Amino acid sequence: MVTWRCRFSDLVRSGLSPIRGIRLPCLSEGGDAGISGVELPGEWSLQLLQALEWKRFEELGAAYFEMKGHAVQMTGLGADGGVDCYLYGRGGGVSKPLGAVQCKARRSSRIGVRPVRELLGIMTDVGCPLGIFITTTTYTAEAEQFAVGKHIQLLVGNRFLSLIQSLPADEQGELLARATAGDHWTPSSPRCGTKLILRTARRGKRVGSQFWGCKNYPGCRYTMQVGAA
Ligand SMILES: [Zn+2]
């Protein structure tokens with residue numbers, strides 16, 4: 001039986017926890033050198049959030065909670081499909097996570113109910129009392145209704161932006177530097193984590209059209225539609 005005691009506001013407020021037992025991996029190294037002359041954004045904005053590729057956005061979500069003083073454990077590629085990281089609070093030695101975080105970067109489409117259901121499924125399996133879903137856009141009405149009364153916070157892009165903007169200036173700056181280091185726009189392969197590259201279909205129905213393919217092809221055959229993430 002899970003005791004539902006922890007609230008999102010508690011997690012955000014408990015930014016003083018000194019526990020740093022679990023270290024975050026560094027944010028992704030930039031892939032190939034970016035386009036030269038690209039101007040790095042000087043401040044946080046919704047446009048910047050929406051420009052981040054999916055993996056960088058997940059890392060940003062984890063880095064944000066680390067800034068708030070939580071010990072954060074990322075689940076890694078291919079781990080629990082519905083959760084990107086777990087949050088642990090103060091009090092050391094607590095083996096169970098207080099929060100399960102799912103981050104989904106979107107350019108324009110809304111988040112439907114399915115990934116929110118998946119998050120709840122994992123919270124239940126793990127015995128995690130709180131779920132936090134973060135996206136760069138918004139949620140469908142069905143997703144919002146589903147989350148009601150289930151201890152899941154659905155953060156829209158603007159809300160996450162305002163949380164970042166309420167951090168002290170130096171922490172905002174550090175998050176910005178980490179989120180925009182190197183190539184932060186080219187999507188990564190969810191199978192192997194390396195940056196995808198644009199390829200042109202040589203045959204089939206979509207001959208001549210571009211798609212994202214993995215650098216590790218044929219070792220990794222992952223492909224993604226352009227504009228999907
Ligand atoms: Zn790959």
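Is tryptophan 54 buried, exposed or partly exposed, and how many other C-beta atoms lie within 10 Å? I opened my notebook with that one, keeping in mind that this is a predicted model.

**Entry 1: tryptophan 54**
I counted 19 other C-beta atoms within 10 Å of tryptophan 54. Being buried takes 20 or more, so tryptophan 54 comes out as partly exposed. I placed this residue in helix H3. Tryptophan 54 and serine 189 are 135 residues apart in sequence, yet their C-alpha atoms are 9.7 Å apart in space.

**Entry 2: the nonpolar core**
Next I went to the largest nonpolar core, which holds 39 residues. I asked which members touch the most others, and found Leu87, Val101, Leu119 and Phe133. Helix H3, residues 54-67, gives this core its largest share, with 6 residues.

I stayed with leucine 119 for a moment and set aside its neighbours within four places in sequence. What remains in contact with leucine 119 is Gly82, Val83, Ala100, Gln102, Gly131, Phe133 and Ile152. I was pleased to meet Phe133 again, as it is also among the core members with the most contacts to other members.

**Entry 3: helix H7**
I checked the span of helix H7, which runs over residues 169-180 and has 12 residues. From first C-alpha to last it reaches 16 Å, close to the 16 Å expected at 1.5 Å a residue. Just after H7 I noted glycine 182, with a positive phi of about 65°.

**Entry 4: a three-stranded sheet**
I traced an open sheet of 3 strands in the order E6-E7-E8, paired antiparallel. Strand E6 (196-200) and strand E8 (223-225) are the edges, each pairing on one side only. From one strand to the next, the twist averages 35°.

**Entry 5: confidence**
The average pLDDT of the protein is 83, and 78% of the residues score at least 70. Over residues 1-7 the pLDDT is below 50, and this stretch has 10 contacts in the model beyond near neighbours in sequence. Residues 12-37 are also below 50, with 47 contacts beyond near neighbours in sequence.

Notes. Residues numbered from 1 in each chain as written. Predicted model: local features only at pLDDT ≥ 70, side-chain atom pairs only at ≥ 80, totals over all residues. Helix = DSSP H or I, 4+ residues; strand = E, 2+ residues; numbered from the N terminus. Expected span 1.5 Å × (residues − 1). Core = buried A, V, L, I, M, F, W, Y, C linked by C-beta atoms within 7 Å. Buried ≥ 20, exposed ≤ 12 C-beta atoms within 10 Å, placed from the backbone. Contact = placed C-beta atoms within 7 Å. pLDDT = per-residue confidence, 0-100. Pairing = 2+ DSSP bridges. Axes fitted to C-alpha atoms, helices over the stretch in contact; angles between N-to-C directions.
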